[in-house]
Amino acid sequence: MHSPDLSRPDAPAVPAGPPTAVTAGEALARYLHAQAGGFLRSLRLHSESGADTAGVAEAAAALRQVSRRISGTLHTFRPLLDPAWADDLRTELAWLSATLAQEHACTSRLGRLLDALARLSGASPLPPARGESRMPSPSDRAAAPGERGASGAPGERGPSAGPGERGPSAVPGAPAGSVSVSVTLAGPGSGDLGSPADGPVSPAGSANAPRATGSLTVGAARAGALLERQLTLARTRAHSAALQALGSSRFHAVADSVAVLASELPLGPMAGAPAAEALALPVELAERRLLEAVAALPLGRAAHPYNAEALVHGLATTSAGEAQDAPWHQVRLLLRLHRYAQEVLHPEADPVLHHAGLVLDRHRDAAEAAAAAANAARTPRIAPATAYALGVLHADQRHEVEAARFAFQQVWQRATAVTAP
């Protein structure tokens with residue numbers, strides 16, 4: 001009996017067999033191929049941006065995000081892959097992501113600190129960006145000859161200015177060389193830090209609201225100039241490091257590996273198992289690690305607003321502050337790994353997990369901003385008004401840390417309520 005000729009259009013149709021189950025390797029390869037394609041598109045966009053600063057920043061952000069996704073996926077699903085290949089590529093992508101993130105972190109940290117200084121002192125903006133011109137204020141015009149004002153005009157430092165900071169702007173109506181110690185805060189969410197006899201503070205923005213004066217205003221301008229110099233220098237160094245990394249042979253090797261990943265994925269022996277079973281185990285392990293890390297957090301204390309735990313610990317030594325922030329940063333990293341693992345199984349993002357990740361990002365940003373303010377306060381021989389403004393700024397950012405912890409506790413409580421049986 002002859003078999004039917006399938007090349008003829010009138011050949012009888014052969015009934016199709018049952019659909020083949022998708023293996024874990026195929027499902028994982030589909031996700032990683034798509035992420036590798038996004039990496040290559042972002043790299044091409046970065047090279048084509050040229051002098052377009054906004055385009056370069058957008059492409060660098062996309063490179064960071066897709067590098068984190070690939071690295072996190074290789075870490076979670078390592079049992080299904082070639083271990084040596086996965087470890088090497090994951091290490092290189094983590095290096096690339098960390099290198100590209102430094103410049104963005106310095107830029108956002110500077111903006112966050114200057115905005116907080118302007119809010120706390122009632123002045124806006126503090127100080128102008130480097131290279132940006134502004135009209136001189138009355139205090140600038142009243143500055144003594146040979147003194148460096150808050151805008152950074154050339155000249156010698158005043159008698160109370162130490163190396164590493166600009167001299168104070170003169171306070172209108174105050175004797176030359178004197179610094180007022182009274183404090184008047186006007187701004188959203190700010191309170192009166194003076195004595196009760198000082199009277200109420202007029203709302204910011206009203207017609208008869210007095211302009212903020214005193215040591216915080218004077219110190220805020222000088223603290224802003226100090227932070228701007230320090231973080232701009234750090235941003236410049238990070239930019240140079242990023243450019244050097246993108247032109248290095250190490251980066252080209254990473255790009256070649258990702259280009260190969262776009263079409264081929266080295267799999268291990270366990271990748272041939274059905275996707276529903278083989279992928280579920282690494283996802284459950286990532287979720288279990290996240291739940292254990294969250295259980296170790298003081299969520300009971302964080303459930304009470306204004307509990308001052310983040311502020312009290314933030315006033316301790318540097319090592320103590322980092323030790324109490326570290327568990328929260330670890331939860332943030334584990335939550336990111338859990339989200340990436342979920343994306344392999346379910347392409348649609350979980351809005352609750354996404355919101356929790358944003359809250360922990362805000363926690364990280366506030367903690368690092370507080371550390372930057374504390375580091376600036378360690379500058380030798382700074383004026384008392386500058387140190388005072390940096391101390392108020394440090395306390396403000398530590399309160400932001402506490403607020404982020406409270407928000408995460410609320411989000412996590414809703415997430416566990418939804419997933420509870």
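## Salt bridges

A salt bridge is a side-chain nitrogen of Lys or Arg within 4 Å of a carboxyl oxygen of Asp or Glu. Side chains of opposite charge can pair when their charged atoms come close. In this predicted model, residues are numbered from 1 along each chain as its sequence is written, and side-chain values use heavy atoms, without hydrogens or water. Local features need pLDDT of at least 70 and side-chain atom pairs count only at pLDDT 80 or more, while totals for chains, interfaces and linings use all residues.

The whole structure holds 10 salt bridges. One of them joins arginine 69 to glutamate 343, at 2.9 Å from N to O. Arginine 69 sits in helix α2 (residues 53-76) and glutamate 343 in helix α11 (residues 318-345), so this pair ties together parts that are 274 residues apart in sequence. Glutamate 343 counts as buried, at 15% relative accessibility. Buried means under 20% relative accessible area, exposed over 50%, and partly exposed in between (1.4 Å probe, protein chains only).

Which residues are linked in a network of salt bridges? They are Arg78, Asp87 and Arg90. Arginine 78 meets aspartate 87 at 2.8 Å, N to O. Aspartate 87 also meets arginine 90, at 3.5 Å, N to O.

Aspartate 87 and arginine 90 are 3 residues apart in helix α3 (residues 83-121), so about one helical turn separates them. Arginine 78 is partly exposed at 35% relative accessibility. Arginine 90 is partly exposed too, at 24%.

## The chain as a whole

The chain has 13 helices and 0 strands. Helices (H or I, at least four residues) and strands (E, at least two) are DSSP runs, numbered from the N terminus. Of the 421 residues, 41% count as buried.

Take the contacts (heavy atoms within 4.5 Å). Among those with a separation of 6 or more, 78% join residues 24 or more positions apart.

## The cavity

The structure holds 1 cavity of 30 Å³ or more. On a 1 Å grid over the protein atoms alone, a cavity is a set of points where a 1.4 Å probe fits but cannot get out; lining residues have an atom within 4 Å of a point. Grid points are joined across faces, edges and corners, and the volume is the space filled by probe spheres set on the points. The largest cavity has about 50 Å³ of space.

Its lining includes Pro298, Trp328 and Glu402. Helices α9 (299-302) and α13 (384-419) each give two or more residues to this lining.

Definitions and conventions. On a 1 Å grid over the protein atoms alone, a cavity is a set of points where a 1.4 Å probe fits but cannot get out, and a pocket is an open set with protein on both sides within 12 Å along at least five of seven lines; lining residues have an atom within 4 Å of a point.
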